[in-house]
Amino acid sequence: MDVYIEYVVLDNFTITLMIAALTYKIMLRRVAKLRALIAAIVGTGVAVAYPFVYNDALVVLIKFGLWLTLSLILFCGKRKFLLCSVTFLAVTFLFGGVTFGVNYLVCGDVYSAMRVSSFDFPISVILSGACLCYFIIKKLTMSIHRRKDVSGAVYGFSLTLFGKTLELRGLMDTGNRLYDEKSGLPIVIVGA
């Protein structure tokens, strides 16, 4: 089976970008898009060079070095560097396992599933489609929930200034939904 360089580049770039973003989310951090992009470019560059390395021990060393390099790119200067790096490695193993599992289901042979992609197109197309669907559904449901949540706290009111009356709508502060147990009145927390 022929392996096209475009597929290798597209798959590795997309998957490394997804792994980086997912690791940031798991660690409850804002996704550093530039760092994730740089890590995906570096990871893809190394993946393109793998076929030219014939020594298995050297491949393992290169993979270990790549993990350290990508961890430094993604998490250098951030809290819990080691935990973030190990999480990045675990998510990488998860993606590799899922990719192996899909290949195994298609070709039914462990050796083929480990060595060759079973599809005539990049697997990153499937992953990108799934991620796009996830983000669209996430944004849509968040929007619906926010509107539903706020709808009970939006009221119409009128404001008269210099003899002119304005009809407006405003959001009543719900006090983060804290209520006094005895009086039942809402509690508003205000800074000093």
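Mentor: Helix α3 covers residues 56-75; helices here are DSSP runs of H or I with at least four residues, strands are runs of E with at least two, and both are numbered from the N terminus. The 20 residues of α3 reach 28 Å from the first C-alpha to the last, close to the 28 Å expected at 1.5 Å a residue. That expected span is 1.5 Å times one less than the number of residues.

This is a predicted model, in which local features need pLDDT of at least 70 and side-chain atom pairs count only at pLDDT 80 or more, while totals for chains, interfaces and linings use all residues. Residues are numbered from 1 along each chain as its sequence is written, and side-chain values use heavy atoms, with hydrogens and water left out.

Consider next the two ends of the helix. At the start of α3, the backbone nitrogen of Ala57 has a side-chain oxygen of Asn55 within 2.9 Å. This is a polar contact, that is, a pair of N or O atoms within 3.5 Å; within protein, one must be able to donate a hydrogen and the other to accept it, and residues adjacent in sequence count only if both atoms are side-chain atoms. After α3 comes Gly77, with a positive phi near 85°.

The buried residues of α3 are Val59, Leu66, Trp67, Leu70, Ser71, Leu74 and Phe75. Buried means under 20% relative accessible area, exposed over 50%, and partly exposed in between, with a 1.4 Å probe and protein chains only. Seen down the axis of α3, these buried residues fall within an arc of 130°, so they line one face of the helix. The arc is taken from the directions from the helix axis to the C-beta atoms. The buried residues of α3 pack against α1, α2 (33-49) and α4 (81-107), where contact means heavy atoms within 4.5 Å.

Thr14 counts as buried because its relative accessibility is 11%. A polar atom of the Thr14 side chain lies 2.8 Å from the backbone oxygen of Leu10.

The chain has six helices and four strands, which run α-α-α-α-α-α-β-β-β-β from the N terminus on. Of its 192 residues, 22% count as buried.
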